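Here is a walk through a two-chain model, one piece at a time. Have the viewer open as you read.

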Amino acid sequence: MTHSVVQPTPASPTPEGGHLLEVRDLHVEFRTGEGVAKVINGVSYHLDAGETLAVLGESGSGKSVTAQAIMGILDTPPAVIRSGEIRYRGRDLLSQSEEERRQVRGKEIAMIFQDALSALNPTFPVGWQIGETLRQRAGMSRGDARRRAVELMDLVKIPAAAKRLGDYPHQFSGGMRQRVMIAMALAMDPKVLIADEPTTALDVTVQAQIMDLLADLRRDLDMAMILITHDLGVVAGVADRIAVMYAGRIVEHADVRSLYRAPAHPYTKGLLESIPRMDQRGQKLSTIRGLPPNLMRIPSGCPFHPRCPYAQQVCVDVVPHDLVLGDGRTSACHFAQEVRDDSAR
Amino acid sequence: MFRFILRRLLQMVLAFFGTTLIVYALMFAGQGDPIQALAGERPVTEAQRAYLTEKFHLDQTGVGGFFYRYFDYIKNLVQGDLGESLTGRQIGDILAAAWPVTVKLALIAMTVAVLFGVTAGVLAGIRRASIFDNSTLVLTLLVLGIPTIVLAPLAQYFLGVRWQVFPPTAGSDPDFYALLLPGIVLGSLSLATALRLTRTSVAENLRADYVRTARSKGLVKRRIVGVHVLRNSLIPVVTFLGVELGNLMSGAIITEGVFNIPGVGFNLFRGIRTEDGPLVVGIVSVLVVVYLVSNLVVDVLYAVLDPRIRYE
């Protein structure tokens with residue numbers, strides 16, 4: 001059994017300066033007619049050049065909203081960024097003008113979305129849509145943009161790319177459509193690629209192909225990647241680090257190996273235990289009891305306490321801080337060490 | 001696409017015969033004595049009656065006689081002969097004089113609808129829930145709520161008679177200026193519908209996923225709205241306007257009646273009022289063709305606008 005010193009973390013757990021992209025203590029609300037939903041409640045994470053960070057969490061945990069806040073494509077209203085910083089190469093994006101942010105979008109940080117069929121414009125050919133970025137942002141001529149679009153489609157391994165330039169999104173299969181999305185995102189050679197559930201809408205076999213493609217492209221083009229997913233299986237082979245989100249907070253943050261070996265937050269533990277396993281055939285699948293919290297009425301103390309098997313009175317009363325567990329691991333749980341030790345057993 | 005058009009053309013032939021048969025039957029079945037109707041109040045001599053009975057094949061009675069006359073009529077129609085009105089004028093000549101007037105009126109109405117309806121609709125869609133959006137909502141509901149039979153005389157009275165901005169009636173050979181007020185009145189209904197449709201469509205498309213993608217590509221807002229959103233939003237609007245143009249081309253009975261415009265609707269109404277069977281059937285036959293063709297054009301246009309639509 002390993003013993004590491006458990007201590008409350010300082011406000012900024014990572015040293016100043018070095019990160020390519022850093023989200024600091026982000027708070028986002030959605031103000032609707034029914035009330036205020038606190039969607040992001042103090043999210044902090046960072047991304048270094050060349051690495052892959054997986055952001056894991058169920059629907060409504062705020063993983064996509066954080067990504068959209070980074071891109072600056074949140075619909076405001078209803079979304080309101082209450083506080084926080086998003087630093088790219090040291091500059092705070094949130095304090096920049098819309099025009100400055102637009103320059104960053106696509107060129108520095110690009111994003112691909114879950115459902116490529118609805119994320120692509122149905123009334124324009126895919127070649128046109130890939131080339132549009134090049135014509136509008138890089139000032140390329142029509143012909144150059146077309147040639148570059150073919151190259152990009154080759155890069156994401158779309159067969160007979162030149163012939164398919166004039167096809168519309170609905171004429172592609174799901175996997176090919178997602179490749180078109182990726183080609184489009186790569187048009188301006190971004191340094192950071194945010195992939196928001198890129199394989200959720202796809203068949204399992206195609207999922208693996210797309211994940212492999214993303215991993216290869218990330219390495220070949222030397223990008224950093226934020227991979228947003230709710231699928232633990234997708235993460236394992238691709239990510240370097242994992243940030244687990246719950247109710248708009250990062251509840252656990254660790255490198256992939258340690259997290260899989262011994263999760264230190266009851267929520268992560270529950271997620272891992274709910275994956276079907278071959279050595280447990282015939283047994284009832286374990287689940288996390290209860291439902292995700294209503295973001296208009298987040299439970300007091302630790303937001304996970306109503307669903308948590310470890311919950312004590314302290315969990316109802318006190319919001320847990322991030323506890324540093326060594327090796328860059330943190331867990332926002334009062335009983336982080338016990339949970340980790342239980343998991344490791 | 002070619003097979004689709006061919007099939008539609010064949011369907012149109014069937015639809016054409018069906019509708020003309022029904023109109024022909026309704027118009028002549030309700031008539032008591034067609035010869036007396038032709039003569040009006042004046043007495044008809046035996047010799048005249050015999051001549052007209054012979055001329056219009058009225059000696060054939062019953063269902064057989066009806067079909068005999070119907071096929072006789074269709075035979076002439078296919079050869080381009082619409083026959084003679086009860087007033088003795090060739091129906092072809094009447095339509096040749098009336099149609100250009102109706103087309104002018106329709107084009108004015110259409111221009112008004114496109115220019116103001118679509119533009120205001122796009123603005124209202126972009127600035128949803130703004131003062132502009134809400135005031136156009138009230139105005140369009142007002143226009144849609146008032147029937148033309150009320151709106152046309154009101155416009156005529158205030159703008160034509162009281163303030164004399166426009167000529168109150170058009171007369172026999174109306175110029176553009178005389179048709180302007182009727183055109184606006186006629187177009188206001190299409191305008192209101194086009195505005196609501198555009199507004200809803202733009203607002204809906206602004207929330208679409210592909211808009212989020214366009215933003216994440218770093219495009220300027222003007223391009224996102226002007227190219228991506230507009231291209232998708234206008235599909236239902238253009239379809240609506242196409243059908244509407246077909247409607248407007250077939251004449252506006254009320255508007256043409258109120259403003260005394262000698263268009264197709266005006267002549268049709270006169271035909272109905274004077275029980276001029278041949279005139280009514282002649283005009284309606286041509287209107288059926290206009291309507292069927294405009295509908296086909298709209299369907300083809302729809303496939304051109306939306307690449308997801310495929311006709312096999």
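Start with helix α8 of chain B, residues 176-206, which spans only 39 Å between its end C-alpha atoms. A straight helix of 31 residues would span 45 Å at 1.5 Å a residue, the expected span being 1.5 Å times one less than the number of residues. Helices here are DSSP runs of H or I with at least four residues, strands are runs of E with at least two, and both are numbered from the N terminus. Look at Ser188(B), where α8(B) bends by about 35 degrees; that bend is the angle between axes fitted to the seven residues ending there and the seven starting there.

α8(B) is also mostly covered, with 22 of its 31 residues buried. A residue is called buried if 20 or more other C-beta atoms lie within 10 Å of its own, exposed if 12 or fewer do, and partly exposed in between, with C-beta atoms placed from the backbone.

One note on the source: this is a predicted model, where local features need pLDDT of at least 70 and side-chain atom pairs count only at pLDDT 80 or more, while totals for chains, interfaces and linings use all residues. Residues are numbered from 1 along each chain as its sequence is written, and chains are lettered from A and ligands numbered from 1 in the order in which they are written.

## The rest of chain B

Chain B has 13 helices and 0 strands. Its C-alpha trace spans about 85 × 55 × 30 Å along the principal axes, and buried residues make up 33% of its 312 residues. Take the contacts in chain B with a separation of 6 or more: 73% of them come from residues 24 or more positions apart. Contact means that two C-beta atoms, placed from the backbone, lie within 7 Å.

In the loop between α5 (91-126) and α6 (131-145) of chain B you'll find Ala129(B). Its phi is positive, about 70 degrees, although Ala129(B) is not a glycine. Ala129(B) counts as exposed, with 10 C-beta neighbours inside 10 Å.

## Chain A as a whole

Chain A has 13 helices and 13 strands. Its radius of gyration is 21 Å, close to the 20 Å that the globule rule gives for 345 residues, so chain A is as compact as a globular protein of that length. The radius is taken over C-alpha atoms, and the rule is 2.2 Å times the number of residues to the power 0.38. The C-alpha trace of chain A spans about 65 × 50 × 40 Å along its principal axes, and 45% of the 345 residues count as buried.

In helix α13 (residues 336-344) of chain A, the buried residues are Ala336(A), Val339(A) and Arg340(A). Seen down the axis of α13(A), they fall within an arc of 95 degrees, so they line one face of the helix; the arc is that of the directions from the helix axis to the C-beta atoms. Their cover includes α11 (266-273), β12 (323-326) and β13 (329-331) of chain A.

Lys157(A) sits in the loop between α5 (142-155) and α6 (161-164) of chain A. Phi of Lys157(A) is near 65 degrees, a positive value in a residue other than glycine.

## Where the chains meet

How many residues of chain A are in contact with chain B? There are 22, and they touch 18 residues of chain B. Elements giving two or more residues to this side of chain A are α2 (98-104), β7 (109-112), α3 (116-119) and α4 (126-137). The largest share, 3 residues, comes from α4(A).
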